[in-house]
Amino acid sequence: MKPAMETAAEENAEQSQEKKVITRPEMEIGRYHWMYRSSRPHRYHHVPALRGNISPLGIQGCFECCIKCLGGVPYASLVATILCFSGVALFCGCGHVALTGTVSILEQHFSTTASDHALLSEVIQLMQYVIYGIASFFFLYGIILLAEGFYTTSAVKELHGEFKTTACGRCISGMFVFLTYVLGVAWLGVFGFSAVPVFMFYNIWSTCEVIKSLQTNVTVPGDQICVDIRQYGIIPWNAVPGKACGPILENICNTNEFYMSYHLFIVACAGAGATVIALIHFLMILSSNWAYLKDASKMQAYQDIKAKEEQELQDIQSRSKEQLNSYT
(Lines give C-alpha, C1' and ligand atoms only; values in the text may rest on other atoms or scores of the structure.)
Protein backbone atom coordinates (compact mmCIF):
# COMPACT_ATOMS: atom_id res chain seq x y z
CA MET A 1 0.00 0.00 0.00
CA LYS A 2 2.78 2.34 0.88
CA PRO A 3 4.55 2.26 -2.48
CA ALA A 4 1.21 2.70 -4.24
CA MET A 5 0.42 5.80 -2.17
CA GLU A 6 3.88 7.25 -2.85
CA THR A 7 3.45 6.61 -6.58
CA ALA A 8 0.10 8.39 -6.56
CA ALA A 9 1.56 11.34 -4.70
CA GLU A 10 4.42 11.64 -7.17
CA GLU A 11 1.97 11.56 -10.08
CA ASN A 12 -0.11 14.33 -8.49
CA ALA A 13 3.03 16.43 -7.92
CA GLU A 14 4.09 15.99 -11.54
CA GLN A 15 0.60 17.00 -12.76
CA SER A 16 0.65 20.09 -10.55
CA GLN A 17 4.07 21.06 -11.92
CA GLU A 18 2.80 20.64 -15.48
CA LYS A 19 -0.14 22.87 -14.70
CA LYS A 20 2.16 25.58 -13.27
CA VAL A 21 4.20 25.85 -16.49
CA ILE A 22 3.84 29.41 -17.93
CA THR A 23 3.73 29.63 -21.70
CA ARG A 24 5.39 32.39 -23.76
CA PRO A 25 2.11 34.14 -24.65
CA GLU A 26 1.28 34.42 -20.96
CA MET A 27 4.71 35.92 -20.34
CA GLU A 28 4.10 38.50 -23.10
CA ILE A 29 0.72 39.39 -21.63
CA GLY A 30 2.18 39.73 -18.14
CA ARG A 31 5.00 41.93 -19.40
CA TYR A 32 2.54 44.15 -21.29
CA HIS A 33 0.31 44.60 -18.23
CA TRP A 34 3.35 45.40 -16.12
CA MET A 35 4.60 48.04 -18.59
CA TYR A 36 1.18 49.53 -19.46
CA ARG A 37 -0.87 49.46 -16.31
CA SER A 38 -3.47 51.66 -17.97
CA SER A 39 -4.42 48.71 -20.21
CA ARG A 40 -5.92 46.85 -17.27
CA PRO A 41 -9.68 46.78 -17.24
CA HIS A 42 -11.23 49.64 -15.30
CA ARG A 43 -14.17 49.40 -13.02
CA TYR A 44 -16.86 52.00 -13.50
CA HIS A 45 -19.26 52.80 -10.75
CA HIS A 46 -22.78 53.78 -11.60
CA VAL A 47 -23.68 57.34 -10.63
CA PRO A 48 -27.39 57.92 -10.14
CA ALA A 49 -28.90 60.59 -12.39
CA LEU A 50 -30.36 63.67 -10.76
CA ARG A 51 -33.62 65.33 -11.60
CA GLY A 52 -33.86 68.11 -14.11
CA ASN A 53 -31.09 69.10 -16.47
CA ILE A 54 -28.40 68.95 -13.77
CA SER A 55 -25.42 66.69 -14.33
CA PRO A 56 -24.04 64.32 -11.62
CA LEU A 57 -21.34 66.89 -10.84
CA GLY A 58 -23.96 69.41 -9.82
CA ILE A 59 -23.56 71.71 -12.83
CA GLN A 60 -26.40 72.47 -15.20
CA GLY A 61 -26.29 70.70 -18.55
CA CYS A 62 -26.98 73.89 -20.48
CA PHE A 63 -24.04 75.56 -18.76
CA GLU A 64 -21.77 72.64 -19.69
CA CYS A 65 -22.91 72.91 -23.31
CA CYS A 66 -22.18 76.65 -23.37
CA ILE A 67 -18.71 76.11 -21.87
CA LYS A 68 -17.98 73.45 -24.48
CA CYS A 69 -19.10 75.73 -27.31
CA LEU A 70 -17.09 78.67 -25.96
CA GLY A 71 -14.06 76.40 -25.67
CA GLY A 72 -14.22 75.72 -29.39
CA VAL A 73 -14.24 79.41 -30.41
CA PRO A 74 -10.90 80.52 -31.93
CA TYR A 75 -10.68 83.87 -30.18
CA ALA A 76 -7.35 84.82 -31.80
CA SER A 77 -8.77 84.20 -35.28
CA LEU A 78 -11.91 86.11 -34.34
CA VAL A 79 -9.91 89.17 -33.25
CA ALA A 80 -7.77 89.01 -36.40
CA THR A 81 -10.88 88.72 -38.58
CA ILE A 82 -12.52 91.77 -36.98
CA LEU A 83 -9.30 93.77 -37.36
CA CYS A 84 -8.94 92.67 -41.00
CA PHE A 85 -12.55 93.59 -41.83
CA SER A 86 -12.17 96.97 -40.13
CA GLY A 87 -8.89 97.79 -41.89
CA VAL A 88 -10.12 96.75 -45.33
CA ALA A 89 -13.39 98.66 -44.86
CA LEU A 90 -11.55 101.85 -43.86
CA PHE A 91 -9.06 101.56 -46.71
CA CYS A 92 -11.64 100.80 -49.39
CA GLY A 93 -14.37 103.22 -48.27
CA CYS A 94 -12.19 106.20 -47.41
CA GLY A 95 -9.83 105.60 -50.33
CA HIS A 96 -12.69 105.52 -52.83
CA VAL A 97 -14.16 108.84 -51.64
CA ALA A 98 -10.73 110.48 -51.33
CA LEU A 99 -9.81 109.56 -54.92
CA THR A 100 -13.03 111.13 -56.18
CA GLY A 101 -12.27 114.35 -54.28
CA THR A 102 -8.71 114.40 -55.63
CA VAL A 103 -9.94 114.26 -59.23
CA SER A 104 -12.34 117.12 -58.51
CA ILE A 105 -9.54 119.28 -57.03
CA LEU A 106 -7.25 118.63 -60.01
CA GLU A 107 -9.95 119.44 -62.56
CA GLN A 108 -10.95 122.71 -60.87
CA HIS A 109 -7.59 124.16 -59.87
CA PHE A 110 -4.57 122.46 -61.48
CA SER A 111 -5.63 121.02 -64.85
CA THR A 112 -8.50 122.77 -66.57
CA THR A 113 -8.02 120.87 -69.84
CA ALA A 114 -9.63 117.43 -69.78
CA SER A 115 -7.06 115.89 -72.13
CA ASP A 116 -4.21 116.74 -69.74
CA HIS A 117 -5.52 114.56 -66.92
CA ALA A 118 -7.40 111.96 -68.99
CA LEU A 119 -4.86 109.24 -68.17
CA LEU A 120 -5.00 110.10 -64.48
CA SER A 121 -8.79 109.89 -64.49
CA GLU A 122 -8.66 106.44 -66.09
CA VAL A 123 -6.09 105.23 -63.55
CA ILE A 124 -8.17 106.51 -60.64
CA GLN A 125 -11.30 104.89 -62.05
CA LEU A 126 -9.39 101.61 -62.41
CA MET A 127 -8.17 101.89 -58.83
CA GLN A 128 -11.74 102.34 -57.64
CA TYR A 129 -12.75 99.11 -59.39
CA VAL A 130 -9.75 97.40 -57.79
CA ILE A 131 -10.97 98.64 -54.42
CA TYR A 132 -14.32 96.90 -55.03
CA GLY A 133 -12.48 93.67 -55.79
CA ILE A 134 -10.25 93.96 -52.72
CA ALA A 135 -13.26 94.48 -50.45
CA SER A 136 -15.09 91.45 -51.87
CA PHE A 137 -12.03 89.19 -51.80
CA PHE A 138 -11.01 89.98 -48.23
CA PHE A 139 -14.58 89.60 -47.01
CA LEU A 140 -14.58 86.01 -48.29
CA TYR A 141 -10.98 85.33 -47.29
CA GLY A 142 -11.57 86.52 -43.72
CA ILE A 143 -14.58 84.21 -43.38
CA ILE A 144 -12.55 81.28 -44.77
CA LEU A 145 -9.70 81.91 -42.31
CA LEU A 146 -12.18 82.15 -39.44
CA ALA A 147 -13.75 78.84 -40.51
CA GLU A 148 -10.28 77.30 -40.70
CA GLY A 149 -9.67 78.50 -37.15
CA PHE A 150 -12.85 76.78 -35.97
CA TYR A 151 -11.82 73.59 -37.77
CA THR A 152 -8.33 73.54 -36.25
CA THR A 153 -9.57 74.33 -32.75
CA SER A 154 -12.14 71.54 -32.93
CA ALA A 155 -9.58 69.09 -34.33
CA VAL A 156 -6.96 69.85 -31.69
CA LYS A 157 -9.35 69.82 -28.73
CA GLU A 158 -11.37 66.88 -30.16
CA LEU A 159 -14.66 68.54 -29.30
CA HIS A 160 -16.73 66.47 -31.72
CA GLY A 161 -15.93 62.91 -30.74
CA GLU A 162 -14.02 61.13 -33.52
CA PHE A 163 -13.39 64.32 -35.49
CA LYS A 164 -9.65 64.08 -36.23
CA THR A 165 -7.06 65.65 -38.48
CA THR A 166 -6.41 64.47 -42.03
CA ALA A 167 -3.61 64.95 -44.53
CA CYS A 168 -5.90 67.12 -46.66
CA GLY A 169 -6.64 69.40 -43.70
CA ARG A 170 -2.93 69.84 -42.99
CA CYS A 171 -2.25 70.65 -46.65
CA ILE A 172 -5.03 73.26 -46.63
CA SER A 173 -3.57 74.85 -43.50
CA GLY A 174 -0.13 75.00 -45.11
CA MET A 175 -1.62 76.57 -48.23
CA PHE A 176 -3.31 79.27 -46.12
CA VAL A 177 0.01 80.01 -44.41
CA PHE A 178 1.70 80.60 -47.78
CA LEU A 179 -1.21 82.64 -49.20
CA THR A 180 -1.45 84.83 -46.09
CA TYR A 181 2.29 85.48 -46.24
CA VAL A 182 2.01 86.61 -49.88
CA LEU A 183 -0.97 88.84 -49.09
CA GLY A 184 0.87 90.34 -46.12
CA VAL A 185 3.82 91.31 -48.33
CA ALA A 186 1.42 92.76 -50.92
CA TRP A 187 -0.37 94.83 -48.28
CA LEU A 188 2.93 96.21 -47.09
CA GLY A 189 3.28 97.67 -50.57
CA VAL A 190 -0.29 98.98 -50.46
CA PHE A 191 0.42 100.59 -47.10
CA GLY A 192 3.49 102.35 -48.51
CA PHE A 193 1.59 103.43 -51.63
CA SER A 194 -1.28 104.85 -49.57
CA ALA A 195 1.19 107.06 -47.71
CA VAL A 196 2.09 108.91 -50.96
CA PRO A 197 -1.15 110.97 -51.27
CA VAL A 198 -0.94 111.72 -47.54
CA PHE A 199 2.53 113.17 -48.12
CA MET A 200 1.32 115.23 -51.07
CA PHE A 201 -1.67 116.67 -49.23
CA TYR A 202 0.48 117.36 -46.18
CA ASN A 203 2.90 119.41 -48.30
CA ILE A 204 0.01 121.46 -49.71
CA TRP A 205 -1.50 121.96 -46.26
CA SER A 206 1.84 122.98 -44.71
CA THR A 207 2.42 125.47 -47.56
CA CYS A 208 -0.99 127.01 -46.87
CA GLU A 209 -0.08 127.35 -43.20
CA VAL A 210 3.10 129.16 -44.19
CA ILE A 211 1.08 131.57 -46.37
CA LYS A 212 -1.29 132.28 -43.47
CA SER A 213 1.62 132.97 -41.14
CA LEU A 214 3.18 135.38 -43.67
CA GLN A 215 0.07 137.54 -43.94
CA THR A 216 1.16 139.50 -40.90
CA ASN A 217 4.60 140.14 -42.46
CA VAL A 218 4.23 142.71 -45.26
CA THR A 219 7.84 142.49 -46.39
CA VAL A 220 7.47 138.90 -47.63
CA PRO A 221 4.63 138.54 -50.16
CA GLY A 222 2.70 135.26 -50.17
CA ASP A 223 2.29 135.29 -53.94
CA GLN A 224 5.81 133.91 -54.34
CA ILE A 225 4.96 130.68 -52.47
CA CYS A 226 3.52 128.09 -54.84
CA VAL A 227 2.73 124.40 -55.07
CA ASP A 228 3.40 122.72 -58.43
CA ILE A 229 1.47 119.45 -58.78
CA ARG A 230 3.35 118.64 -61.99
CA GLN A 231 6.50 117.81 -60.05
CA TYR A 232 4.77 114.80 -58.50
CA GLY A 233 4.22 113.26 -61.94
CA ILE A 234 0.46 112.84 -61.67
CA ILE A 235 -0.23 115.36 -64.49
CA PRO A 236 2.00 116.22 -67.48
CA TRP A 237 4.26 119.26 -67.54
CA ASN A 238 2.18 120.96 -70.25
CA ALA A 239 -0.91 120.98 -68.02
CA VAL A 240 -2.39 124.44 -67.43
CA PRO A 241 -2.09 126.02 -64.90
CA GLY A 242 -0.33 123.13 -63.14
CA LYS A 243 0.44 125.13 -60.01
CA ALA A 244 -1.27 127.38 -57.46
CA CYS A 245 0.26 130.32 -55.62
CA GLY A 246 -0.61 132.69 -52.81
CA PRO A 247 -4.31 133.40 -52.20
CA ILE A 248 -5.41 130.83 -54.80
CA LEU A 249 -3.57 128.08 -52.93
CA GLU A 250 -5.03 129.30 -49.64
CA ASN A 251 -8.54 129.13 -51.10
CA ILE A 252 -7.87 125.55 -52.23
CA CYS A 253 -6.88 124.59 -48.68
CA ASN A 254 -10.08 126.15 -47.33
CA THR A 255 -12.37 124.08 -49.57
CA ASN A 256 -14.34 121.20 -48.13
CA GLU A 257 -13.05 118.80 -50.80
CA PHE A 258 -9.43 119.37 -49.82
CA TYR A 259 -10.20 118.98 -46.11
CA MET A 260 -12.19 115.77 -46.60
CA SER A 261 -9.74 114.21 -49.08
CA TYR A 262 -6.75 114.94 -46.86
CA HIS A 263 -8.27 113.33 -43.76
CA LEU A 264 -9.80 110.44 -45.71
CA PHE A 265 -6.39 109.57 -47.14
CA ILE A 266 -5.01 109.53 -43.60
CA VAL A 267 -7.76 107.16 -42.46
CA ALA A 268 -7.24 104.98 -45.55
CA CYS A 269 -3.52 104.73 -44.76
CA ALA A 270 -4.36 103.76 -41.18
CA GLY A 271 -6.78 101.12 -42.50
CA ALA A 272 -4.04 99.66 -44.68
CA GLY A 273 -1.76 99.51 -41.64
CA ALA A 274 -4.48 97.75 -39.62
CA THR A 275 -4.88 95.22 -42.43
CA VAL A 276 -1.14 94.51 -42.40
CA ILE A 277 -1.28 93.92 -38.64
CA ALA A 278 -4.30 91.63 -39.07
CA LEU A 279 -2.52 89.58 -41.75
CA ILE A 280 0.57 89.25 -39.55
CA HIS A 281 -1.73 88.11 -36.74
CA PHE A 282 -3.36 85.61 -39.11
CA LEU A 283 0.07 84.36 -40.18
CA MET A 284 1.08 83.63 -36.58
CA ILE A 285 -2.24 81.88 -35.91
CA LEU A 286 -2.06 79.74 -39.04
CA SER A 287 1.55 78.77 -38.35
CA SER A 288 0.73 77.66 -34.81
CA ASN A 289 -2.39 75.82 -36.01
CA TRP A 290 -0.36 73.99 -38.63
CA ALA A 291 2.15 72.94 -35.96
CA TYR A 292 -0.70 71.75 -33.71
CA LEU A 293 -2.20 69.73 -36.55
CA LYS A 294 1.18 68.17 -37.28
CA ASP A 295 1.59 67.13 -33.64
CA ALA A 296 -1.99 65.88 -33.55
CA SER A 297 -1.38 63.70 -36.61
CA LYS A 298 1.67 62.17 -34.92
CA MET A 299 -0.35 61.52 -31.78
CA GLN A 300 -3.11 59.96 -33.86
CA ALA A 301 -0.61 57.63 -35.55
CA TYR A 302 0.78 56.65 -32.13
CA GLN A 303 -2.70 55.88 -30.84
CA ASP A 304 -3.44 53.74 -33.89
CA ILE A 305 -0.24 51.75 -33.37
CA LYS A 306 -1.02 51.33 -29.68
CA ALA A 307 -4.55 50.12 -30.46
CA LYS A 308 -3.14 47.64 -32.96
CA GLU A 309 -0.69 46.30 -30.38
CA GLU A 310 -3.47 45.96 -27.83
CA GLN A 311 -5.53 44.01 -30.35
CA GLU A 312 -2.60 41.72 -31.07
CA LEU A 313 -2.06 41.09 -27.37
CA GLN A 314 -5.73 40.31 -26.92
CA ASP A 315 -5.45 37.80 -29.75
CA ILE A 316 -2.39 36.26 -28.08
CA GLN A 317 -4.29 36.06 -24.79
CA SER A 318 -7.26 34.36 -26.40
CA ARG A 319 -5.02 31.83 -28.17
CA SER A 320 -3.13 31.09 -24.96
CA LYS A 321 -6.39 30.44 -23.14
CA GLU A 322 -7.44 28.08 -25.89
CA GLN A 323 -4.09 26.23 -25.59
CA LEU A 324 -4.48 25.96 -21.82
CA ASN A 325 -7.98 24.64 -22.22
CA SER A 326 -6.73 22.07 -24.74
CA TYR A 327 -3.96 20.99 -22.32
CA THR A 328 -6.42 20.49 -19.48
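Glu209 is partly exposed in this predicted model, with a relative accessible area of 33%, and Lys212, whose relative accessible area is 34%, is likewise partly exposed. These two residues form a salt bridge in which the closest N and O atoms are 4.0 Å apart. Both residues belong to helix α6 (residues 167-214), and because they lie 3 residues apart there, about one helical turn separates them.

Side chains of opposite charge can pair when their charged atoms come close. The structure holds 2 salt bridges, and besides the pair in helix α6 there is a salt bridge between the side chains of Asp228 and Arg230, with 3.0 Å from N to O. Asp228 and Arg230 are both buried, whereas Glu209 is partly exposed. The table sets out the two pairs.

| Salt bridge | N to O distance |
|---|---|
| Glu209 and Lys212 | 4.0 Å |
| Asp228 and Arg230 | 3.0 Å |

The confidence of the prediction should be kept in view when reading the model. Across the chain the mean pLDDT is 77, and 71% of the residues reach 70 or more. Confidence is highest in helix α4 (residues 75-110), at a mean of 91, and lowest in helix α1 (residues 2-19), where the mean is 49. The pLDDT is below 50 over residues 16-21, a stretch that has 1 contact in the model beyond near neighbours in sequence. Over residues 159-163 the pLDDT also stays under 50, and for these residues the model has 9 contacts beyond four places in sequence.

Methods:
Residues are numbered from 1 along each chain as its sequence is written. This is a predicted model: local features need pLDDT of at least 70, side-chain atom pairs count only at pLDDT 80 or more; totals for chains, interfaces and linings use all residues. Side-chain values use heavy atoms; hydrogens and water are left out. Helices (H or I, at least four residues) and strands (E, at least two) are DSSP runs, numbered from the N terminus. Buried means under 20% relative accessible area, exposed over 50%, partly exposed in between (1.4 Å probe, protein chains only). pLDDT is the predictor's confidence in each residue, from 0 to 100. Contact means heavy atoms within 4.5 Å.
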